[in-house]
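Here are some notes for a colleague who is new to reading protein structures. Please keep the sequence and the 3D view open while going through the points.

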Amino acid sequence: MSPTILVIDDEPPIRKLLRTGLSTQGYAILEAPNATAALEVLGRDRVDLVILDLGLPDMRGHDLLRTIRARHPELPVVVLSSRTDEGGKVEALDLGADDYVTKPFGMAELLARLRAALRHQLAVQGERPIFRVERLSIDLVRRIVKVDDVEVKLTPREYDFLRVLVMHAGKVLTHAQLMQAVSVSSDPQYLRVYMRQLRQKLEADPERPRLLLTETGVGYRLRAPDDEPTLRPPIGESGR
């Protein structure tokens, strides 16, 4: 059965673009123009993933996200908005959003984020023993990390940091989420130190990382195996 995606956005052109682009990829699409309609759909229909715009007319998007999380704690939510404020991104992610895509966006980028969110939902069935992306492989059972089939020695803290990113590959993790997961100081500077060390050991060019990516002002993301750069033109240019 195809995954069903609920698109919550008050702009008809955006809903039409998403309906067209996602349905051609095999997704079933439900739509809601506001929070009230969205909660009705969620209470009535099977939904596998939500695309949520934060700028809704009848409820603050973050409040709707909080309600969805309380009622459907395992339901993946990808936030979609023209807002670029870092505080809004961090708040949405800390409230439980699985990812955040800013308008204008490319359909290929959005599809990659949706796949990552759905993949993370399935991870509750058990973590994969081997994670591979490009030249990097990580054996989660034996705790062995290799680059180009050559083992790379990591400190225990570096490995813990990397493993958390692997378990959420393709998903942005905020500074707060990472610091809580690896039990380090609340100072984000510690995360920057660990990320710099990991890039030195794992990236071909640490100054131009392809795998360990920074989400400025928000946190970090490990590229998922099927996340590829896209040159497709962005959609959703309309401002709010």
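Predicted model: local features only at pLDDT ≥ 70, side-chain atom pairs only at ≥ 80, totals over all residues.

1. In helix α2, which spans residues 35-44, the buried residues are A35, A37, A38, V41 and L42. Seen down the axis of α2, these buried residues fall within an arc of 160°, so they line one face of the helix.

2. The face of α2 that is turned away from this buried side carries G43 and R44, which are exposed. Among the elements that cover the buried residues of α2 are the strands β1 (4-8), β2 (28-32) and β3 (49-53), together with the helix α3 (61-71).

3. The N-terminal end of α2 is capped by N34, where a side-chain oxygen lies 3.2 Å from the backbone nitrogen of T36.

4. Turning to the rings, the structure holds two aromatic pairs. One of them joins F161 and Y194 in an edge-to-face arrangement, with 6.4 Å centre to centre and 65° between the planes. Because F161 lies in helix α6 (residues 156-167) and Y194 in helix α8 (residues 188-202), the pair ties together parts that are 33 residues apart in sequence.

5. F161 also forms an edge-to-face aromatic pair with Y220, at 6.4 Å centre to centre and with 75° between the planes. Here F161 lies in helix α6 and Y220 in strand β12 (residues 219-222), so this pair ties together parts that are 59 residues apart in sequence.

Technical notes
Residues numbered from 1 in each chain as written. Heavy atoms only, no water. Buried < 20%, exposed > 50% of the residue type's maximum accessible area, 1.4 Å probe, protein only. Helix = DSSP H or I, 4+ residues; strand = E, 2+ residues; numbered from the N terminus. Arc of directions from axis to C-beta. Contact = heavy atoms within 4.5 Å. Polar contact = N/O pair within 3.5 Å; in protein donor to acceptor, adjacent residues only side chain to side chain. Phe/Tyr/Trp six-rings, centres within 6.5 Å; stacked < 30°, edge-to-face > 60°.
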